[in-house]
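I opened this notebook page to keep track of what I looked up in the structure shown below. The entries go from the whole chain to single residues.

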Amino acid sequence: MPAAVFINRNIQVELHPAARPAYEWCMQYPQWINWKELPQPLIAGLSKEPLRGVMIKEDEPDEGKKSERHFQLYSPLWSTQLWPSSRPPDKTLLVSLTPKEISDEDVETAAWLSALSPLLLSINHHKVAEIRDALAAHMPVKVHQKLLGAKMLSDPMMCRWLGISRGTLVQQRQRKTTQEEQAKVAVPRSDDELISALKKPRSSND
């Protein structure tokens, strides 16, 4: 059964040996977003995401001392880039199994799933404006203020995060508007237009 405990000074956090190849690949993965440009509340919140690993206890120490434990992390690997130091922030939840409960092979698989998640969830750079507009429309103002320090996710913020020009977002919005207008024109708006469209001679390419 997994055990859960908040990080404390008696727990040493290290990378699980079976997770190292996945971790090294994850650290080399090119990021779209410059995390250093993110608002501090957002970084602080993401850096405290629960961690999964294997907990190893040392032999019982002398009386009056607590035993030291080693938490060997295998997921999520990307969160290490947000830690303010070489260990997780205070109040980070550690979800652990014992070495008997999970094999190195299973650890390796879980680590690679964690490493590949940024690839599978990468932002589509052709739809940055659409993503920004949708997020701004759906995220409550209070959440914007809490995490981003602003009333809404603005174009300048996204441009700083991604290292792109504001003109890129303008072009994407114009392209989306043009596509929507073309789609409206292509759809018959009345029964008469529908009948006329059906009666229209078709070319050999239709």
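**Ground rules.** I am working with a predicted model, in which local features need pLDDT of at least 70 and side-chain atom pairs count only at pLDDT 80 or more, while totals for chains, interfaces and linings use all residues. I number residues from 1 along each chain as its sequence is written, and my side-chain values use heavy atoms, with hydrogens and water left out.

**Fold.** I looked up the secondary structure and found eight helices and five strands in the chain, where helices (H or I, at least four residues) and strands (E, at least two) are DSSP runs numbered from the N terminus. Read from the N terminus, the order is β-β-α-α-β-β-β-α-α-α-α-α-α. The chain has 206 residues, and 29% of them count as buried; buried means under 20% relative accessible area, exposed over 50%, and partly exposed in between, with a 1.4 Å probe and protein chains only. I also noted that, of the contacts (heavy atoms within 4.5 Å) with a separation of 6 or more, 72% are between residues 24 or more positions apart.

**Cores.** Which residues touch the most other members of the largest nonpolar core? They are Val128, Leu148, Leu153, Met158 and Trp161, in a core of 15 residues; I use nonpolar core for a set of buried Ala, Val, Leu, Ile, Met, Phe, Trp, Tyr and Cys residues joined through side-chain atoms within 4.5 Å. Two or more residues of this core come from each of α2 (40–46), α4 (128–138) and α6 (155–162), and α6 gives the largest share, five residues. A second, separate core has 14 residues, among them Leu15, Ala18, Val107 and Ala110. As background, I wrote down that nonpolar side chains tend to be buried together in soluble globular proteins.

**Valine 128 and helix α4.** Apart from its neighbours within four places in sequence, valine 128 is in contact with Ile123, Met158, Leu162, Ile164, Leu169 and Gln172. Along α4, I found Val128, Ala129, Arg132 and Ala136 buried. Viewed down the axis of α4, these buried residues fall within an arc of 95°, so they line one face of the helix; the arc is taken over the directions from the helix axis to the C-beta atoms. The exposed residues Ala137 and His138 are on the face of α4 turned away from its buried side. Aspartate 133, also in helix α4, is partly exposed, with a relative accessible area of 27%.

**Largest pocket.** I then looked up the largest pocket, which holds about 840 Å³ of space. Its 26 lining residues include Ile33, Trp35, Leu46, Leu121 and Ile123, which are the closest to its centre. By class, the lining has 22 nonpolar, four polar and no charged residues. The elements that each give two or more residues to the lining are α2, α3 (104–120), α4, α5 (141–148) and α6. On a 1 Å grid over the protein atoms alone, a pocket is an open set of points where a 1.4 Å probe fits, with protein on both sides within 12 Å along at least five of seven lines, and lining residues have an atom within 4 Å of a point.

Serine 75 belongs to strand β4 (residues 69–75) and is buried, with a relative accessible area of 8%. Not counting residues up to four places away in sequence, serine 75 touches Leu51, Arg52, Ala110 and Ser114. I marked the cis peptide bond that joins serine 75 and proline 76, with omega about -10°; proline 76 is in the loop between β4 and β5.

Tryptophan 78 is found in the loop between β4 and β5, and, leaving aside neighbours within four places in sequence, tryptophan 78 is in contact with Cys26, Trp35, Leu46, Glu49, Ser114 and Ser117. Lysine 91 has its place in the loop between β4 and β5, is exposed with a relative accessible area of 64%, and has a positive phi, near 70°, in a residue other than glycine.

Valine 95 lies in strand β5 (residues 93–97) and is partly exposed, with a relative accessible area of 26%. The C-alpha atoms of valine 95 and serine 75 are separated by 9.9 Å, with the two residues 20 apart along the chain.

Methods. Grid points are joined across faces, edges and corners, and a volume is the space filled by probe spheres set on the points. Ala, Val, Leu, Ile, Met, Phe, Trp, Tyr, Cys and Pro count as nonpolar, Asp, Glu, Lys and Arg as charged, and the others, Gly among them, as polar.
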